[in-house]
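Here are my notes on this model, point by point. Please keep the structure open while you read.

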Amino acid sequence: NKKWSQSIDLSKGDRMWKDCIDTANESCDEEIIENLLRFFCETSEKECFCAALYTCFAHVRPDVAIELGWLNGYQHFVMPFIIQNMRRTADRLKELEDRTKPPAEEGNQDQIAATYSQLGGMGNGMLMLENGGGMGMPAPQMGGGIDMSGFAGAQAMPQGMPGMQMNGGMMPPGGMQMNGGMMPPQGM
């Protein structure tokens, strides 16, 4: 850090402005570059101020450049920096928007709407989200519709399997009773 500052001081003494600007840019140090910009403002070197902004663009904070240009009446000399900075900011924002935008879902909306309209034919139009049958069987369908249970013969047996009573998905009072693994006869 001291070497850069010493080199710039020597170049200032010799009025070698290009060397000052190039050395400040090589240092990549915001503080050194800001001090050089302030020096150019104090010595009324408008062209050097503009050249330093252009050369050290990547290392100059925009607020510092705009403030120094405004305080010293260098609006015309700071304007190329402002335009370049606005362009870089717009390009960065566009790149971020492109990277983070959600994927396009053009044709999927029609397919989703068609699926929901088909589901409306089940029972009374309400979606059956709970287990309506008991023992893994779906509840009986009232007015037809789509069998989405995965059991091929589920529609053919609306009353359930022989020997089983369907209570709308509820267990019979007293819980399930097992009689040696056999179901009780229907008439008892």
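1. Start with the aromatic cluster formed by Phe49, Tyr74 and Phe77. This is a predicted model, in which local features need pLDDT of at least 70, side-chain atom pairs count only at pLDDT 80 or more, and totals for chains, interfaces and linings use all residues. Residues are numbered from 1 along each chain as its sequence is written, and side-chain values use heavy atoms, leaving out hydrogens and water.

2. The structure holds 4 aromatic pairs. Rings of Phe, Tyr and Trp (its six-membered ring) pair if their centres lie within 6.5 Å; planes under 30 degrees apart are stacked, over 60 edge-to-face, and the rest tilted. The rings of phenylalanine 49 and tyrosine 74 have centres 5.3 Å apart and planes at 55°, so this pair is tilted. Phenylalanine 49 sits in helix 4 and tyrosine 74 in the loop between helix 5 and helix 6, so the pair ties together parts 25 residues apart in sequence. Helices here are DSSP runs (H or I, at least four residues), numbered from the N terminus.

3. Now take tyrosine 74 with phenylalanine 77. Their ring centres are 6.0 Å apart and their planes at 75°, so the pair is edge-to-face.

4. Which of these residues are buried or partly exposed? Buried means under 20% relative accessible area, exposed over 50%, and partly exposed in between (1.4 Å probe, protein chains only). Tyrosine 74 counts as buried because its relative accessibility is 3%. Phenylalanine 77 has 24%, so it counts as partly exposed. Phenylalanine 49 is buried.

5. Leaving aside neighbours within four places in sequence, its contacts (heavy atoms within 4.5 Å) include Leu37, Phe40, Cys41, Ala65 and Leu68.

6. Ile32, Ile33, Leu36, Leu37, Phe39, Phe40 and Cys41 are buried in it. What covers them includes helix 1, helix 2, helix 4 and helix 5.

7. Check both ends of helix 3. Aspartate 29 caps the N-terminal end, with a side-chain oxygen 3.1 Å from the backbone nitrogen of glutamate 31. Just after the helix, serine 44 takes a positive phi of about 55°.

Definitions and conventions:
Helix = DSSP H or I, 4+ residues; strand = E, 2+ residues; numbered from the N terminus. Polar contact = N/O pair within 3.5 Å; in protein donor to acceptor, adjacent residues only side chain to side chain.
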